[in-house]
Amino acid sequence: MSEAAFFRMEGINKFYQMGDEPMHILKDVNLTVERGEYLSVLGPSGSGKTTLMNIIGCLDTPTSGSYTLDGQIIEEMSEVELARIRSREIGFVFQNSQLLPRLTALRNVEMPLIYAGVSPRERRRRAEQMLERVGLEDRMHHLPSQLSGGQQQRVAIARALVGNPSILLADEPTGALDQKTGKQVMALFQELNEEGRTIIMITHDMNIAAYARRVVHIIDGELTEGGGTADA
C-alpha cells in the first residue's frame, strides 16, 4: 500500500453486542484510497456496508484496527475532534436528500456554513456557486416540495460540497430516484470526480457501482477487490 495514501483502513473489526452474543459485523477490513479516486463499495443488505460507511464517515468507531484520513489517526480522536472531521472533511449524501422542508434550496445549502460560523454574505455566495454548479441556478428560492426528486438530490449534493470536503461519501444516492434521474445524478458524480473530487459510494446496485472507477465488494463483513456479486 502507498505510504502517501489519502485514506487507509487496516485490520478494521466491528462487534456489536446482541443479547449475550457479540455480532462480528466487519472482519479485518483493509482499504486504501488515493486522493481523487472514485470508489464504490458494493454489497447486499446485511453485508456490513452501512457499518463500514459509518466508520468511514466518523459516525462510528471500530472495535479494533486503524483508520487514517489525510494523515489524521481517527481512532485517537475525541468526540469533539470527530465532529470537526465530519463537518470539514466529509460531505454526506444519503438515499433520501434529507432537506429541511421549510427552507429554500439556497438556505438548505447554506446550513453547514452557518454551523461553521461563515459570514452571511460569504455563505450565500458559496451556496449560490454550488447550486449553479449542480445546475439549479433557477431553483435556488424553491422549497423542497417544489422540486423534483432529482433536483432535491442535487441540492443535497450541493450542500455536501459547499464546505469543500476532502471526501464525498454517498450512501445509495440514487435509491429513491427513477432510472433516468439516477443516471443524471451519476453523471454529476462523474463530473465531480473528473474535477479531482474523492468519492466513496455505498450501494447494493451493480449498475450504479459500475459508474465508479474502482469497485470493492463486501459480503458478510469481508471486503474484497473485484469478484463477487451483490443482490440488486
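Me: Which is E172, buried or exposed?
Reply: E172 is buried, with a relative accessible area of 9%. Buried means under 20% relative accessible area, exposed over 50% and partly exposed in between, using a 1.4 Å probe and protein chains only. This is a predicted model, in which local features need pLDDT of at least 70, side-chain atom pairs count only at pLDDT 80 or more, and totals for chains, interfaces and linings use all residues. Residues are numbered from 1 along each chain as its sequence is written, and side-chain values use heavy atoms, leaving out hydrogens and water.

Me: Where is the place of E172?
Reply: E172 sits in the loop between β7 (167-171) and α6 (179-194). Helices (H or I, at least four residues) and strands (E, at least two) are DSSP runs numbered from the N terminus.

Me: And what is the phi of E172?
Reply: The phi of E172 is near 45 degrees, a positive value in a residue other than glycine. Most residues other than glycine have a negative phi.

Me: What about the phi of C58?
Reply: C58, which is not a glycine, also has a positive phi, of about 60 degrees. C58 belongs to the loop between α1 (49-56) and β4 (64-69), and at 2% relative accessibility C58 counts as buried.

Me: New topic: at what angle do α3 and α5 pack?
Reply: The angle between α3 and helix α5 (residues 149-161) is about 30 degrees, with their axes 7 Å apart. Axes are lines fitted to C-alpha atoms, for helices over the stretch in contact, and angles run from 0 to 180 degrees between N-to-C directions. α3 is therefore roughly parallel to α5; angles under 35 degrees count as roughly parallel, over 145 as roughly antiparallel, 65 to 115 as roughly perpendicular and the rest as oblique.

Me: Which residues in α3 and α5 meet?
Reply: A105, N108, V109 and P112 in α3 meet V155, A158 and R159 in α5, where contact means heavy atoms within 4.5 Å.

Me: How do the axes of α3 and α4 cross?
Reply: The axes of α3 (residues 105-115) and α4 (residues 120-133) come within 9 Å and cross at roughly 125 degrees, so α3 and α4 are oblique to each other.

Me: How many aromatic pairs does the structure hold?
Reply: There are two aromatic pairs. One of them is F92 with F94, whose ring centres are 5.8 Å apart and whose planes lie at 5 degrees, so this pair is stacked. Rings of Phe, Tyr and Trp (its six-membered ring) pair if their centres lie within 6.5 Å; planes under 30 degrees apart count as stacked, over 60 as edge-to-face and the rest as tilted. F92 is buried at 17%, whereas F94 is partly exposed at 22%.
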